[in-house]
Amino acid sequence: MTSNSAQALGGTVERTVLPSGLRIITEEIPAMRSVSFGIWVNVGSRDETPALGGASHFLEHLLFKGTNKRSALEISSQIEAVGGETNAFTTKEYTCYYARVLDEDLPLAIDVVCDAVADSILEPSDVETERGVILEEIAMTEDEPGDEVHDLHMAALYGGHPLGRLISGTTETITPMTQQQINSFYRRYYKPPVMVVAAAGRLTHAEVVRLVTEAIAGTPLSAGTAAPAPPRPTSRRVPVLEPVTVVREKDTEQAHLVLGGLAIGRRDERRFAVGILNNVLGGGMSSRLFQEIREKRGLAYSVYSYTAQYAETGTFGVYAGCAPGKVAEVLSIVRAELDTAARGGITADELRRGKGMLKGSLVLGLEDTGSRMTRLGKGELLFGDVLSVDDLLARIDSVTLDEVAEIAVEMLTAPMSLAVVGAFPSDTVF
C-alpha cells in the first residue's frame, strides 16, 4: 500500500507498507545532493524489565559490530569510504539507526543499515567488548554532574516506573547481562510492525522501497504478514508521586539543580501551548528565567527550562548550575517566576515571541536531510502520521493567551520535585 502527499519546503512525502507490516516513508527533495536513511524501532528503555535495564542501549551498541555479510570494520569503512557517516541512539521509547551519504551512495547506505539491523550476529566476544564500553559510558555520566542531575530528577519524578530508569542501565544490570538475554530481546522486539524506515533527500520513493525490500530479503524483517502496530497507548496511568527533594553529595565546584514535575503527553493537542510557555519561561536569552537569574543578578551561567513528552505523560523542568552558596537564592527566583506565570499567564508580546521561537526552530531545523528524515521517522512511529510543516505552523499560530494561561496553571501548580548534585549533605533542605 502506497500513499503520497506534497509537503512545504519542496518535498514530496510517500508512504508504503510492506506485507510484513514494515513501513517505508520518504521525502524526495531534488535540490539536495545528500540522503539520510534511518530505521526507527518502537522499543526503548521503558520496555525493559528491571533486570534487563539497559538492554536496548546495549543492543544498539552491538548491531554495528558485525553481521553474516560484514564485519564491524567493513560496516564502518564502507560508509566512510564514500564520505558518509553512520550512527545510532536509544531513548526511553525508541531506537534509531541511521546513515547519511551522497545521493549516489544511497544503495550502499540502505544495504549496510538494513544488514546491521536485520541480521546482526551478536558475537559473545563483541558483547564483552561493548559491555566494557558501556560501563565506561556510565562512569563518564557520573563524572558529569550536569547530566547526572537530570537522571536523578527523572528517578524522583517517576519512582519505580520504567520511565524513571536510566537508558544506559546501571553497573548492576549491565555487568551480568548475557549474550543470550540480549539476543532474546533483539528477536522478541525487533519486528516489522513496530519499525519504520525513513529516508529524505535526493531519492525516489520507488527506488527506496525496492532497495529496502532487496536488503531485508531472507531476514526476519521480511517474514510474516501483519499490519503496522499503532503508536503507544496514551491511556495508561502514570502514578503522580509526592514531591521529594533528592540530594546527591558530590565534590563539585558548581551545584547543579533541576526543579520540575509531570506534564502532558506528546499527543495532547496542548503541546503547542506548552512549547510557547516553555520558550517564555526559559527557552532562550530573552526568557524570564535567563533575564532574572543570569542577566540581572549574575547568579548562574547556565539556566533554562525544558519539556519532554512521552506517550501518556511528560515532564517540565528548570535547570540551573550555580555556586553552592547561591542555590537557595536561585531556587527562590525560579519558584517565584513559575508562580507568577501560573497566576498571571504571559503577555501578548511574550506570546508572539514564544510562537516565533517555536516556528523558527521548527523550520530552521529542516535545513538538512538528517532532520527531515527524523521528522518522518518520529512522526510515523510516535503519531502514526506526519503533519505537514504548514499544518504545524498553523497549529502554533492558533494558540491563544487563554490556552497558555490554562496550561500554565495546570503544569506549574502541580507537585514538583527537586534534584541537586553538589557539595551538600544528602539531608540538606532547600
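These legends walk you through several close-up views of one predicted model.

The model is predicted, and local features need pLDDT of at least 70, side-chain atom pairs count only at pLDDT 80 or more, while totals for chains, interfaces and linings use all residues. Residues are numbered from 1 along each chain as its sequence is written, and side-chain values use heavy atoms, with hydrogens and water left out.

View 1. Helices (H or I, at least four residues) and strands (E, at least two) are DSSP runs, numbered from the N terminus. Helix α15 covers residues 401–412, and its end C-alpha atoms are 16 Å apart, in agreement with the 16 Å that its twelve residues should span at 1.5 Å a residue. The expected span is 1.5 Å times one less than the number of residues. Look for Val404, Ile407, Ala408, Met411 and Leu412, the buried residues of α15. They lie on the same side of α15, because they cover an arc of only 110° around the axis; the arc is that of the directions from the helix axis to the C-beta atoms. Buried means under 20% relative accessible area, exposed over 50%, and partly exposed in between (1.4 Å probe, protein chains only). An α-helix has 3.6 residues a turn, so residues three or four places apart point the same way. On the face of α15 turned away from the buried side you will find the exposed residues Asp402 and Glu406. The partners of the buried residues of α15 are β9 (255–263), α9 (271–282), β11 (314–322), α11 (327–344) and α12 (348–364).

View 2. Ten of its 14 residues are buried, so α5 is largely enclosed by the rest of the structure. Among them are Pro145, Glu148, His150 and Tyr158. The cover over the buried residues of α5 includes α4, β8 (245–249), β10 (300–309) and β12 (417–422).

**View 3. Leu122 in a loop.** Leu122 sits in the loop between α3 (106–119) and α4 (124–142). Its phi is near 50°, a positive value in a residue other than glycine. Most residues other than glycine have a negative phi. Leu122 counts as buried because its relative accessible area is 3%.

**View 4. Glu48, a buried charge.** Glu48 belongs to the loop between β4 (34–41) and α1 (55–62). Glu48 is buried yet has no salt bridge, and the nearest side chain of opposite charge, Arg165, is 5.2 Å away. A salt bridge is a side-chain nitrogen of Lys or Arg within 4 Å of a carboxyl oxygen of Asp or Glu; Lys and Arg count as positive and Asp and Glu as negative, while His and the chain ends are not counted. The side chain of Glu48 does reach the backbone nitrogen of Ser56, at 2.8 Å.

View 5. Helix α9 holds Arg271 and Asn279. Arg271 counts as buried at 16% relative accessibility, and Asn279 counts as buried at 11%. Leaving aside residues up to four places away in sequence, Arg271 touches Ile264, Arg266, Phe383, Leu387 and Arg395. With its neighbours within four places left out, Asn279 is in contact (heavy atoms within 4.5 Å) with Gly284, Ser287, Gly354, Met357 and Leu358. Arg271 and Gln309 are 38 residues apart in sequence and 8.6 Å apart in space, C-alpha to C-alpha.

Key
A polar contact is a pair of N or O atoms within 3.5 Å; within protein, one must be able to donate a hydrogen and the other to accept it, and residues adjacent in sequence count only if both atoms are side-chain atoms.
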